[in-house]
Amino acid sequence: QAICEVIDVRQAAECPPPWEPFDSHEVCQVCHAAFTWHSTSSSKAQENREKQNCASCGRLVCDPCAENTKCLPEYGLYEKVRVCDTCYFSKFIARHPR
């Protein structure tokens, strides 16, 4: 399954955006809170566990701001992947209201 995903991504119409490195931001790029704001621990290890990259835009966001998932066929991602709240609500929900 992983090999099929690599092939799909390589054959995709668009390249996915580059991901922000984990050491590039100290706060979430969506809510601007510390990555450990919702955790009982504020250690560096916990901070790294809480960081997520949005598969749609590549920004570094906290775990609660990346709970939504979407397929991104333009990038060859046909299985649902995590996307940030900004992308989810502006790109996907705004285009496809219920």
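Leaving aside its neighbours within four places in sequence, which residues is Lys-51 in contact with?

## Lys-51 and its surroundings

Let's start with the answer: Phe-22, His-25, Phe-35, Leu-60 and Val-61 are in contact with Lys-51, once the neighbours within four places in sequence are set aside. Keep in mind that this is a predicted model.

Lys-51 belongs to strand E1, which covers residues 51–53. Is this lysine buried or exposed? Lys-51 counts as buried, because its relative accessibility is 4% and the cut-off for buried is under 20%. As for its side chain, that reaches the backbone oxygen of Phe-22 at 2.5 Å.

## The chain as a whole

Stepping back, the chain has three helices and four strands. Read from the N terminus, the order of elements is α-α-β-β-β-β-α. The C-alpha trace spans about 40 × 35 × 20 Å along its principal axes.

The chain has 98 residues, and 32% of them count as buried. It exposes about 6400 Å², with carbon and sulfur atoms supplying 54% of that area. Now for the contacts: take those between residues at least 6 apart in sequence, and 52% of them join residues at least 24 apart.

How do strands E3 and E4 pair? They run in the antiparallel sense, with four bridges between residues 68–72 of E3 and residues 77–83 of E4. On the E4 side, Val-83 is the bridge partner of Asn-68, and Arg-82 stands opposite Thr-69.

Four residues lie between the two strands of this hairpin. Gly-76 is the one to look at here, with a positive phi near 80°.

## A salt bridge to Arg-82

Arg-82 comes up again in a charged pair. Side chains of opposite charge can pair when their charged atoms come close. The count for this model is one salt bridge, and it joins the side chains of Asp-63 and Arg-82, at 2.5 Å from N to O. The pair links distant parts of the chain, 19 residues apart: Asp-63 sits in the loop between strand E2 (60–62) and E3, while Arg-82 is in strand E4.

## One aromatic pair

How many aromatic pairs are there? The count comes to one. The rings of Tyr-88 and Phe-89 have centres 5.1 Å apart and planes at 85°, which makes the pair edge-to-face, because planes over 60 degrees apart count that way.

Tyr-88 counts as buried, with 14% relative accessibility. Phe-89, with a relative accessible area of 47%, is partly exposed.

Technical notes:
Residues numbered from 1 in each chain as written. Predicted model: local features only at pLDDT ≥ 70, side-chain atom pairs only at ≥ 80, totals over all residues. Heavy atoms only, no water. Phe/Tyr/Trp six-rings, centres within 6.5 Å; stacked < 30°, edge-to-face > 60°. Buried < 20%, exposed > 50% of the residue type's maximum accessible area, 1.4 Å probe, protein only. Pairing = 2+ DSSP bridges. Salt bridge = Lys/Arg side-chain N within 4 Å of Asp/Glu carboxyl O. Contact = heavy atoms within 4.5 Å. Areas by Shrake-Rupley, 256 points an atom, 1.4 Å probe, with all protein chains shown as cover. Polar contact = N/O pair within 3.5 Å; in protein donor to acceptor, adjacent residues only side chain to side chain.
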